[in-house]
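Dear colleague,

I am handing over the structure below, and after it you will find my notes on what turned up when I went through it. Please read them with the coordinates open beside you.

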Amino acid sequence: TPTFRIAAIPGDGIGKEVMPEGLRVLHAAAKRFGLALDVREIPWASCDWHAQHGQMMPDDWKEQLSGVDAIFFGAVGWPATVPDHVSLWGSLLKFRRQFDQYINLRPVRLFEGVPCPLAGRKPGDIDYLVVRENTEGEYTALGGVMYEGTDREIVIQESVFSRHGADRVLRFAFEAARSRPRKHLTLATKSNGIAISMPWWDGRADAVGRDFPDVSLDKQHIDILSARFVLQPQRFDVVVASNLFGDILSDLGPATTGTIGLAPSANLNPERKFPSLFEPVHGSAPDIYGKNIANPIAMIWSGALMLDFLTEGQGAGRAAHDAIVKAIETVLAQGPRTPDLGGNASTTALGQAIAGLVEAG
Ligand code: NAD
Ligand code: IPM
Ligand code: MN
């Protein structure tokens, strides 16, 4: 079997606390299922590399990552010392773009035993996949401030969508919907107000959808779609969205399942030309850092997605993924729990409990 080379970047804040638990569980799964992992930890973060060198990563970061199969990423951001746009554009957003990780997969699921903030919902009512466009859209550095400092100050920031970029994420989302029992795809749109790019997105979805007559397509404006995430979550199966809409939906969705501390993500370059990146949806949470109370499940679940992707969903990798998800299910049903889910267990205790279950089988 091949050795998978993994770059582990804990980052800032609770990234440093959840990463050890993510790695603990990965190593437990690797041991049980006979996977070979070669993990290298890299201190590229606001509070490490940036504090010493004035930038988030060394200039030759790409060369340093050559030969790496995947990046396991905690979270970066320490706004007390480095402005957020500097730390994020110097790190995570660079990886997404330079490694063409154009798919951001963010599963949302209500687990057995987790109190749901929505009244009357049970597991199964919330179980959908957000497919977020991850390289273009509303996230650009295109624009500027004019007449700066005067009372006529103007700021412009462009959004950029390409046919190549939209079609490839739409195709991926249609394929994902096709592979699921309900075969239903929701497109997040806003073609009433954002009257150039969003009608265009609707048209691209219709065009790509011609190859998927077996998948039902529902276009919803982002405002009412957000309301339905709360009021009618059972309507959703796969949801495809532009970069910003997908970002917002992928915090809202997990919030309806009890905590954002569970939500994993897979930033994929499906062609495997570049390494893909696996990380929690959440950030560095400076407000709880240093207490060892962050929920490590998002990090641990992201590790499971990584093993599945590295092995193309086959054999030992799929088995390891399934064992980790099963251990997460068990811990969520029986405890221990971190404070975000009403418990008083530590980050470390959760990692140990999940790793123990994975190892024991
Ligand atoms: P955040 O996700 O870090 O925190 C939001 C809230 O959720 C906080 O109250 C936090 O305590 C709580 N929370 C987050 N993760 C949790 C966990 N695992 N367990 C328990 N509670 C958890 O979002 P924010 O406050 O907007 O951002 C803080 C910093 O993180 C900023 O610098 C931001 O730019 C950065 N950020 C980074 C990433 C990333 O690297 N992927 C993602 C989001 C935010
Ligand atoms: C996420 C994060 C990032 C994003 C930020 C930190 C730039 O919120 O991964 O969801 O907006 O993509
Ligand atoms: Mn986000």
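Around ligand 2 lie Leu-88, Leu-93, Asp-247, Val-281 and Gly-283, a shell that divides into three nonpolar residues, one polar and one charged. Please bear in mind throughout that this is a predicted model. Ligand 1 is surrounded by 22 residues, of which the closest are Gly-77, Gly-261, His-282, Gly-283 and Asn-295; by class, the shell of ligand 1 consists of 12 nonpolar, six polar and four charged residues.

As for the overall layout, an unreviewed UniProt entry places the feature "domain: Isopropylmalate dehydrogenase-like" at residues 5-354. Where the two meet, 11 residues of domain 1 are in contact with nine residues of domain 2. On the side of domain 1 that touches domain 2, the largest share, three residues, comes from helix α5 (residues 92-98), and the residues of that side divide into six nonpolar, two polar and three charged.

The buried residues of α12 are Thr-347, Leu-350, Gly-351, Ala-353, Ile-354, Ala-355, Leu-357 and Val-358, and what covers them includes α1 (15-33), α10 (297-310) and α11 (315-334). After α12 comes Gly-361, with a positive phi near 80°. In helix α2 (residues 46-53), the buried residues are Ser-46, Cys-47, Trp-49 and His-50, and their cover includes α4 (84-89). Gly-54, which follows α2, has a positive phi near 75°.

Gly-335 and Pro-336 are joined by a cis peptide bond with omega at about 5°, and Pro-336 is found in the loop between α11 and α12. Tyr-147, in the loop between β6 (143-146) and β7 (154-157), has a positive phi of about 50° although it is not a glycine; Tyr-147 counts as exposed because 10 other C-beta atoms lie within 10 Å. Asn-292, likewise a residue other than glycine, has a positive phi near 60° and sits in the loop between β12 and α10, where its 14 C-beta neighbours inside 10 Å make it partly exposed.

Which loop holds Arg-272? The loop is the one between β11 (264-268) and β12 (276-280), and Arg-272 counts as exposed there because it has 12 C-beta neighbours inside 10 Å, the cut-off for exposed being 12 or fewer. Arg-272 and Thr-259 are 13 residues apart in sequence, and their C-alpha atoms are 31 Å apart in space.

With best regards

Notes: Residues numbered from 1 in each chain as written. Chains lettered and ligands numbered in written order. Predicted model: local features only at pLDDT ≥ 70, side-chain atom pairs only at ≥ 80, totals over all residues. Near = placed C-beta within 6 Å. Nonpolar A, V, L, I, M, F, W, Y, C, P; charged D, E, K, R; others polar. UniProt positions renumbered as here; feature names shortened; annotations may be inferred. Contact = placed C-beta atoms within 7 Å. Helix = DSSP H or I, 4+ residues; strand = E, 2+ residues; numbered from the N terminus. Buried ≥ 20, exposed ≤ 12 C-beta atoms within 10 Å, placed from the backbone.
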